[in-house]
Amino acid sequence: MPSISQKGSAMPESPIRKLVPFAEDAKKRGAEVIHLNIGQPDIKTPEIALEAVRKNTIDVLAYSRTEGSDTYREKLARYYGGNDIQVSAADIIVTTGGSEALSFVMGSIADSGDEIIIPEPFYANYNGFATGSGVKVVPVVSRIETNFALPPIESFETLVTPKTKAILICNPGNPTGYLYSKEEIRKLAALAKKHDLFLIADEVYREFTYDGATHYSVLQEEGLEEHAIIVDSVSKRYSMCGARIGCLVSKNKNVIRTAMKFAQARLSPPTYAQIAAEAALETPQSYFDDVKEEYVARRNLLVDELKKIDGVQVATPKGAFYCIAELPISDADDFAQWLLEDFRVNNETVMIAPAAGFYATPGLGKNQIRIAYVLDKERLKRAVHILKEALNSYIG
């Protein structure tokens with residue numbers, strides 16, 4: 001029988017989606033499953049974006065420009081300018097989601113066997129993008145005891161080798177919700193310049209910062225123009241995950257020129273989704289104010305309720321809409337599957353994301369889970385109650 005590739009065999013499963021068959025089976029058996037596992041917001045998509053598609057009068061659904069439409073990129077540049085990120089349309093390539101942007105970046109800056117340093121835990125698909133590009137992920141451990149703050153910069157420097165091409169961060173972070181401070185970004189920027197590395201920042205949760213904190217972008221840092229690359233997306237900003245529109249942004253012309261060749265190979269980003277994304281840029285600030293207020297209330301409820309459970313430790317997020325909780329168990333994968341197969345409270349159960357898949361270091365995160373607080377407060381409270389009862393039963 002023909003064999004599949006070593007690369008295909010090495011591709012990791014998604015810790016977020018691998019339990020879906022068990023969840024679907026639970027639903028078929030009549031259970032209600034409360035999803036804490038996936039960052040699909042329940043916030044309504046801005047009406048202005050949906051209307052732009054409904055009212056469009058396209059006669060031929062043609063290819064768009066490889067780099068994205070001129071009007072969308074020009075408006076994106078103005079959006080970034082409003083966030084004190086000074087770029088032009090020529091510095092932007094529109095992609096099919098932030099995922100494609102990151103794949104283009106890895107393909108553009110690294111060869112097979114090259115290394116990218118990433119603080120862990122990190123967005124699980126970084127492992128998949130790296131495997132697909134033949135890139136080695138070199139993890140730096142951040143810890144729940146420090147709320148997943150940036151590890152000491154010396155921890156990064158000791159890992160730099162001749163094969164190191166970049167440092168990659170998610171800010172605010174998925175899965176931790178940690179928001180890097182300006183001082184932390186500047187430490188990374190200094191290291192990137194010292195060792196002539198790229199500093200890649202996944203900034204898709206830029207709008208979601210809490211407790212008076214503000215986001216500081218790598219492209220706000222002076223002197224980092226040739227090193228900084230932003231990966232971005234409309235998915236979470238406007239609750240438009242299904243649009244699959246993202247972008248990569250860099251003032252490094254070689255990066256843009258190279259990434260364009262990858263973009264040309266896939267032809268173009270989707271036309272209707274660009275129309276929706278362009279319209280979404282006109283979303284009023286009041287939308288984000290309301291969304292942030294809702295997420296803060298959900299975060300506070302979730303963290304407070306989790307802290308009431310014996311043996312549970314939780315990091316308080318400063319951004320995004322995720323948190324990591326450490327449970328008094330040894331194997332979160334087994335616990336997550338057991339929840340779906342065998343445990344019910346009033347015929348309800350919860351689906352969680354085991355956190356081991358968000359680490360690159362074997363053995364780390366085995367007793368941790370990621371929770372996405374993208375549900376209304378009543379369902380969140382019910383979910384934590386079910387989790388509490390489940391832990392009592394599971395531990396015995």
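Predicted model: local features only at pLDDT ≥ 70, side-chain atom pairs only at ≥ 80, totals over all residues.
Which residue of β10 is the bridge partner of Gln313? The partner is Glu326.

Next, helices. In general, two packed helices are described by the angle between their axes and the distance between the axes. I have two pairs to show.

Pair one is α5 and α6. Helix α5 covers residues 97-109, and helix α6 covers residues 125-133. Their axes come within 10 Å. They cross at roughly 40 degrees. That makes α5 oblique to α6. The crossing of α5 past α6 is right-handed. Who meets whom? From α5 we have Ser99, Leu102, Ser103, Met106 and Gly107. From α6 we have Tyr126, Phe129, Ala130 and Ser133. Sort that contact by class, and you get five nonpolar residues, four polar and no charged ones.

Pair two is α4 and α10. Helix α4 is residues 70-82, and helix α10 is residues 271-280. Again the axes come within 10 Å, and here they cross at roughly 30 degrees. Angles under 35 degrees count as roughly parallel, so α4 and α10 are roughly parallel to each other. What is the hand of the crossing of α4 and α10, left or right? It is left-handed. On the α4 side, look at Thr71, Tyr72 and Lys75. On the α10 side, look at Gln274, Ala277 and Glu278. This contact of α4 with α10 divides into two nonpolar, two polar and two charged residues.

Last stop: Leu199. You will find Leu199 in strand β6, residues 198-202. Is Leu199 buried or exposed? Its relative accessible area is 0%, so Leu199 is buried. What touches it? Set aside the neighbours within four places in sequence. One distance to finish. Thr214 is 15 residues from Leu199 along the chain, and their C-alpha atoms are separated by 20 Å.

Notes: Residues numbered from 1 in each chain as written. Heavy atoms only, no water. Axes fitted to C-alpha atoms, helices over the stretch in contact; angles between N-to-C directions. Helix = DSSP H or I, 4+ residues; strand = E, 2+ residues; numbered from the N terminus. Parallel < 35°, antiparallel > 145°, perpendicular 65-115°, else oblique. Left-handed = near helix turned anticlockwise from the far one by under 90°. Contact = heavy atoms within 4.5 Å. Nonpolar A, V, L, I, M, F, W, Y, C, P; charged D, E, K, R; others polar. Pairing = 2+ DSSP bridges. Buried < 20%, exposed > 50% of the residue type's maximum accessible area, 1.4 Å probe, protein only.
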